[in-house]
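Please walk through this protein model one step at a time.

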Amino acid sequence: MEKSRIEYVLKKIEEQTSNAVEEQEKILENILKRNAETDYLNKFLHGQTDKQLFKKYVPVVTYEDIKSYIDRVIDGEPPNILTTEPIIEFILSSGTSGGEPKYVLSTAECSQKRASIPMLMEAVIHKHIEGLDKGKGMYLLFSNPDFDTPSGLKARMFSSSYLSSPTFKTTVCKYVTTPIEIILSLNKPQSMYCQLLIGLIRRHEVLRIGTIFASTFPNCIKFLQDHWKDICSDIRTGHLSDWITEQDCRTPMSSFLLEPNSELADLLEPIFENESWEGIITKLWPKAKYIDAIVTGSMSQYIGLIDYYSGRLPIISTFYNSSEACFGINMEPLNKPWDISYTFLPNMAYFEFIPVDKESPQKAQKLHFNGVSNEESIEKLENGNAQIVDLVDVKIGQCYEVVVTTLAGLYRYRVGDILKVTGFHNKSPKFQFVERQNVALSIDRDKTSEADLSKAIKAAEIELEPRGFLLTAYSSFADTWSIPGRYVLFWELKLRDSNTDQLKLDSNTMEQCCRRVEESLDFTYKLFRKMNLIGPLEIRVVKFGAFDELMNFCVSRGAAPLQYKTPCCLKIKEAIEILDSRVVGKFFSNGNLA
Ligand code: AMP
């Protein structure tokens with residue numbers, strides 16, 4: 001990126017964040033003027049565009065509240081239901097509603113605004129790290145298939161939409177090692193193979209290694225473990241492995257595998273053959289200055305793994321984004337992962353905040369661990385007792401749930417994320433990501449709520465009944481050290497008609513239970529399982545009484561015995577160890593998901 005361009009972009013960010021009040025006023029005014037006549041807003045405002053009336057009469061909603069309007073757009077009803085702007089596609093959120101993906105409307109303007117974010121981040125990163133324009137980035141990026149909707153418009157994940165946008169093709173693509181055809185290939189293993197192969201062939205140009213979410217890294221390491229011999233052999237012979245059959249991968253590869261390169265293969269093989277892979281990323285790509293990947297929120301589970309394989313290169317989490325809106329960027333990219341805040345960009349959407357009673361992320365985790373949900377302040381809001389505040393009025397140290405109003409037909413929409421204010425950049429607040437509300441288990445971008453997990457377990461219990469087993473307690477954790485990560489459930493079983501603790505576990509029944517749970521989980525889980533981004537679910541049966549030990553442990557850490565609720569999801573190592581040491585049988589889901 002040219003120096004003058006960097007300065008221009010940084011100046012723009014400074015201007016926008018300095019004018020946060022005006023920018024927010026402007027965007028809300030704009031949204032109301034354009035959309036006052038939509039079916040949705042008309043119902044509350046009767047064609048008026050006054051901002052105060054908007055705040056007074058338009059309700060704060062969740063997806064379920066507006067689903068009927070979105071469904072009408074999906075079904076192709078005439079325009080002006082939620083927005084007067086033409087809809088260009090639907091973005092599929094990784095959150096779900098009743099097991100279905102959530103559909104978010106997208107307009108040309110919204111999509112363009114979002115596509116500008118990587119360029120803003122480029123400018124910020126160039127300011128902090130010198131010399132990046134002397135080389136390239138090896139970015140592992142993958143596209144997912146589209147879905148057709150009855151409206152005739154496509155639905156796809158935000159990442160797929162972004163990767164096929166003109167902005168990506170004309171700007172970002174210039175500084176990545178992989179040609180666009182390979183990135184857009186829908187055959188993930190073949191695309192991953194070619195991306196890594198090119199990255200290794202161009203290893204001396206690679207100055208940074210990245211992806212979007214950190215969850216790609218465990219997959220990438222596992223893939224290298226499985227395929228490094230093929231990769232080295234292709235480099236040695238100058239011939240692409242025959243199992244790469246997709247033309248969108250094969251054709252562009254011909255400009256990289258021009259001739260045999262035994263020198264490079266000789267250099268790489270001993271690195272892969274080394275028993276320890278600690279720091280392997282810096283051995284393979286010695287000029288890499290940093291890792292670009294989001295490691296906040298549920299992605300923080302991958303920090304240890306990235307540190308291990310990268311030899312502790314700095315990890316930069318660039319932005320905070322969702323299908324609904326882009327929120328902010330990280331203006332201090334070299335901060336440590338636990339010190340990352342995102343500065344909200346006031347021209348992206350109109351933002352409001354519901355105060356949440358969580359003084360610190362630590363406290364939030366503790367509440368979560370003890371199984372106490374924190375919906376009190378939302379209840380207060382619903383009862384008219386809590387103040388919803390504007391972007392510029394948030395208070396440092398306070399936690400909030402973020403609410404957005406967008407140019408694409410979302411009005412006062414609760415995204416479900418809890419954030420903590422850590423400071424201000426000019427007039428615009430910086431937020432630390434605290435947690436996604438009500439997420440029990442999370443691997444990659446799958447987020448399984450307590451309610452979804454409990455429903456899935458209920459569905460599986462049917463398998464136990466004919467065997468005379470009773471499920472007396474369960475808990476779970478996301479095992480992110482296995483590659484790919486998997487959900488592990490602890491089940492305490494008892495025979496209905498006997499007090500014996502000698503359980504004769506039948507593996508067919510238990511495997512069937514694993515399968516039932518998986519089949520009952522939501523769309524995103526099943527999609528990620530099919531893509532092998534999540535491994536087969538595991539059930540560990542524990543001895544009767546194991547959950548009493550767990551309760552003793554929780555009580556010893558401050559849980560109130562009378563109010564104790566078995567944690568649906570375990571986040572503390574010692575708690576997992578307590579149950580693990582009482583395991584009497586381990587079972588895995590087998591076969592493919594329907
Ligand atoms: P999706 O709508 O599927 O793109 O998921 C968006 C959600 O991912 C957000 O609402 C957050 O919960 C999470 N997310 C996105 N960016 C970040 C980030 N930088 N740090 C933590 N969580 C994030």
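Domain bounds here come from an automatic or database domain assignment. For the protein chain, that assignment gives domain 1 (1-61 + 288-362 + 381-436), domain 2 (136-142 + 176-286) and domain 3 (439-586). Residues are numbered from 1 along each chain as its sequence is written. The model is predicted, so local features need pLDDT of at least 70, side-chain atom pairs count only at pLDDT 80 or more, totals for chains, interfaces and linings use all residues, and side-chain values use heavy atoms, with hydrogens and water left out.

How confident is the predictor? pLDDT is its confidence in each residue, from 0 to 100. The protein chain averages a pLDDT of 88, and 92% of the residues score at least 70. Residues 359-379 stay under 50. For that stretch the model has 40 contacts (heavy atoms within 4.5 Å) beyond four places in sequence.

Now take domain 1 and domain 2. Their C-alpha centres lie 35 Å apart. In contact are 18 residues of domain 1 and 24 residues of domain 2. The size of an interface is often given as the accessible area lost when the parts come together. Buried area is that loss, taken with a 1.4 Å probe and summed over both parts. Domain 1 and domain 2 bury about 1700 Å² between them, with 67% of it on carbon and sulfur atoms.

On the side of domain 1 that touches domain 2, the elements giving two or more residues are β7 (290-294) and α16 (303-310). Helices (H or I, at least four residues) and strands (E, at least two) are DSSP runs, numbered from the N terminus.

K51 sits in helix α4 (residues 51-57) and E29 in helix α2 (residues 20-35), 22 residues apart.

Last, the backbone. Most residues other than glycine have a negative phi, and most peptide bonds are trans. N80 is not a glycine, yet has a positive phi of about 70 degrees. N80 lies in the loop between α5 (63-74) and β1 (87-97). A cis peptide bond joins I483 and P484, with omega about -10 degrees. P484 lies in the loop between β19 (469-479) and β20 (486-495).

Key
Buried area is the accessible area (1.4 Å probe) that two parts lose on being put together, summed over both. pLDDT is the predictor's confidence in each residue, from 0 to 100.
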